[in-house]
Amino acid sequence: MLAELQATAAAYALNDWLLGQLADFTAEDWSIQDACGHDARWLAGHLATYRRRALALLGATVEPLPWEAAFVRGKGAADLPADLDPAAVVAAFHAAQADMVGRWDGLDEAALARPAGRRLPAGSENVGGAIRFLAW
């Protein structure tokens, strides 16, 4: 693995572990909202959606999941499908993480320099900057 990616890969692994701590959430826990009105289901879905986008930046073919459109910027808990299964969302996050782990060693400077397809809020426009941004 490139030395410059070690901290980013560690952040992704930590986030995967943290999301794993939701395994004991009850239906009530999933519905608790933050100050912006996002509940835990929405936060987990947002994280899973963007983890999967990061995976695509690393070269994986990532087929959209039916629930992902509810978790993009500007959407909130009111936009969630009524039948959304939080366990399926968390499983999608963990599956993306597992696939990412297998891709870190194959990345080189050229792969990181590829255009990301958009300018990220942190200012980067390449894959390396995008995956660093999406880790946080």
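Reply: D99 has a relative accessible area of 32% and is therefore partly exposed, the class between buried (under 20%) and exposed (over 50%), as judged with a 1.4 Å probe and protein chains only. This is a predicted model, in which local features need pLDDT of at least 70 and side-chain atom pairs count only at pLDDT 80 or more, while totals for chains, interfaces and linings use all residues. Residues are numbered from 1 along each chain as its sequence is written, and side-chain values use heavy atoms, with hydrogens and water left out.

The partner of D99 is R103, and the closest N and O atoms of this salt bridge are 3.0 Å apart; the term requires a side-chain nitrogen of Lys or Arg within 4 Å of a carboxyl oxygen of Asp or Glu. R103, with 26% relative accessibility, is partly exposed as well.

Five salt bridges are found when the whole structure is searched. Among them is the pair of R132 and E4, whose side chains meet at 3.6 Å from N to O. Because R132 lies in helix 6 and E4 in the segment before helix 1, this pair ties together parts that are 128 residues apart in sequence. Helices here are DSSP runs of H or I with at least four residues, numbered from the N terminus. R132 is partly exposed at 31%, and E4, at 38%, is also partly exposed.

Another of the salt bridges joins the side chains of R41 and D39, with 2.8 Å between N and O. D39 has a relative accessibility of 3%, so it counts as buried.

Elsewhere, Q97 sits in helix 4 (residues 86-101) and is buried, with a relative accessible area of 5%. Beyond its neighbours within four places in sequence, Q97 is in contact (heavy atoms within 4.5 Å) with Y12, A13, D16 and R51.

As for open space, the largest pocket has a volume of about 520 Å³. A pocket is an open set of points on a 1 Å grid over the protein atoms alone, where a 1.4 Å probe fits, with protein on both sides within 12 Å along at least five of seven lines, and lining residues have an atom within 4 Å of a point; the volume is the space filled by probe spheres set on the points. Helix 3 gives the largest share of this lining, seven residues.

Methods: Helix = DSSP H or I, 4+ residues; strand = E, 2+ residues; numbered from the N terminus.
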